[in-house]
Amino acid sequence: MNAAITRAQVHFIGESCSNDETYDATATRLLKDQRRLSRFFEQNAEPLGLIAGQVAIYMLSVCIRIFEQTGGRMRKVSGTDLQAAQKRVEPMLAALFPADEDFATRARGIVTRAQPHVLDEVLWALYVRPQDDDEQADLEPQQKAMVYVLLWTAIEALDANWSPPKGWDPESFVLPEGAEATPEV
């Protein structure tokens, strides 16, 4: 497991994706570059319904973008990598569910998650983010929980395939002046 990308950096990159009117082209490129991972999402998000599936795919692209913008080297996620990630996540699912009002709290309490700040940003986007955005989908609790589990699996696989930049110090990240502070989860 790699050192954690800071919450401030994760939130800054995530919000940059949301505010970028041209992000769709970037998302398409990122998902194409990680085709095995995006196919895994398409297959596993289908039972969640169209909107939840689209949310999951979009959030996957943002998670990939966080790794890309942090720098270093990212190998393509393979089927074997996904199986290994599922094996890391599955034993913890019994302690995570049901998909009730305490789901996000239990998820944050799992200390063995790869890149916990990325996953906390996912939880923030699914459970806390202000609902005044017309473009934001309102998902059912079970859908939110399943989107989170899919993204958790993806983050485990991505982190296992990511080599941070040489000499990288996650704590050296400083928010640009005027950037939004990191929200509490």
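**Inside and outside: helices and a tyrosine**

Colleague: Which residues of helix H2 (residues 23-33) are buried?
Modeller: Heads up, this is a predicted model, where local features need pLDDT of at least 70, side-chain atom pairs need 80 or more, and totals for chains, interfaces and linings use all residues. Residues are numbered from 1 along each chain as its sequence is written, and side-chain values use heavy atoms, leaving out hydrogens and water. Helices are DSSP runs (H or I, at least four residues), numbered from the N terminus, and buried means under 20% relative accessible area, exposed over 50%, partly exposed in between (1.4 Å probe, protein chains only). In H2, the buried ones are Tyr23, Thr26, Ala27, Leu30 and Leu31.

Colleague: Which exposed residues does the face turned away from H2's buried side carry?
Modeller: The cover over the buried residues includes helices H1 (7-19), H3 (35-45) and H4 (50-70). The face turned away from the buried side carries the exposed Asp24, Ala25, Thr28 and Lys32.

Colleague: What is the relative accessible area of tyrosine 148?
Modeller: Tyrosine 148 is in helix H9 (residues 141-160). Beyond neighbours within four places in sequence, its contacts (heavy atoms within 4.5 Å) include Leu96, Phe103 and Leu123. Tyrosine 148 is buried, with a relative accessible area of 0%.

Colleague: How far apart in space are tyrosine 148 and leucine 123, C-alpha to C-alpha?
Modeller: In sequence, tyrosine 148 and leucine 123 are 25 residues apart. In space, their C-alpha to C-alpha distance is 7.2 Å.

How values were computed
Helix = DSSP H or I, 4+ residues; strand = E, 2+ residues; numbered from the N terminus.
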